[in-house]
Amino acid sequence: MTIKYKQVKQDFLSGRFKGCRDYFESHNYYSEAGYCYMILNNFAKAKEQFEKAKVSDIRGHWGLLLLQMQEEKISMAPTYFEVRNFLEIDLDIFITYCKGDIVQQIIKYADYMAFYNLECYKFIGRAFWAHNIMPAAMFFLNKAKEKLYNDPELHYLLAYIYYTNNDISNCKKEIEACLSILPQYAPALMLSQKI
């Protein structure tokens, strides 16, 4: 990967779209070009790019699944690692570009993706948390906690949200739950010192 590619990719991920699609497409970065076309709501061109990408890039398969979610016609399944590696990042991209319609269609399939990777609820929650969309973050993190109670990060994230909302009682409960699972979980220990 060239320095130029890294810069353009960083620009794209940061919401600076200008010139990204042209660069990715002209240099045969098919998956990246597919995402650009999704941002532009040109799903037909996105599909062309993801079809080219799937030959050598697992993200091409995932991109095609994202498009199927948009069309509400699922005919393929995600892999455990596709959900783990791409879901949160992609939600971040679409939230950054204010593509709420795309985000909504993706999260509509949360239960479907959870069949392949139960952590999907946490990934969705973290994406919303990173963008300060707390009601949605709380919903998905609590849903994740129902399925994966022994995940210390879930309890910490909930504790942090409660802390920022000045709900110290629930913050303490989540910190205690986190530390009962993993007593040396550093972020929870640091948060407990603030309250």
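**Exercise 1.** Determine which residues W62 touches, leaving aside those up to four places away in sequence.

*Solution.* The criterion is contact, meaning heavy atoms within 4.5 Å. By this criterion, W62 touches Y35, P78, E82, V83, F86, L87, D90 and M113. The model is predicted: local features need pLDDT of at least 70 and side-chain atom pairs count only at pLDDT 80 or more, whereas totals for chains, interfaces and linings use all residues. Residues are numbered from 1 along each chain as its sequence is written, and side-chain values use heavy atoms, with hydrogens and water left out.

**Exercise 2.** State how many helices and strands the protein chain has.

*Solution.* Helices (H or I, at least four residues) and strands (E, at least two) are taken as DSSP runs, numbered from the N terminus. The count is 13 helices and 0 strands.

**Exercise 3.** Check the length of helix α10, residues 134–147.

*Solution.* The expected span is 1.5 Å times one less than the number of residues. For the 14 residues of α10 this gives 20 Å, and the end C-alpha atoms are 20 Å apart, so the two values agree.

**Exercise 4.** Describe how α10 packs against α11.

*Solution.* Axes are lines fitted to C-alpha atoms, for helices over the stretch in contact, and angles run from 0 to 180 degrees between N-to-C directions. The angle is about 150°, and the axes lie 10 Å apart. The helices α10 and α11 are therefore roughly antiparallel, a term for angles over 145 degrees. On the α10 side, the contact includes M134, A137 and M138; on the α11 side, L154, H155 and L157 are among the residues involved.

Note on methods:
Parallel < 35°, antiparallel > 145°, perpendicular 65-115°, else oblique.
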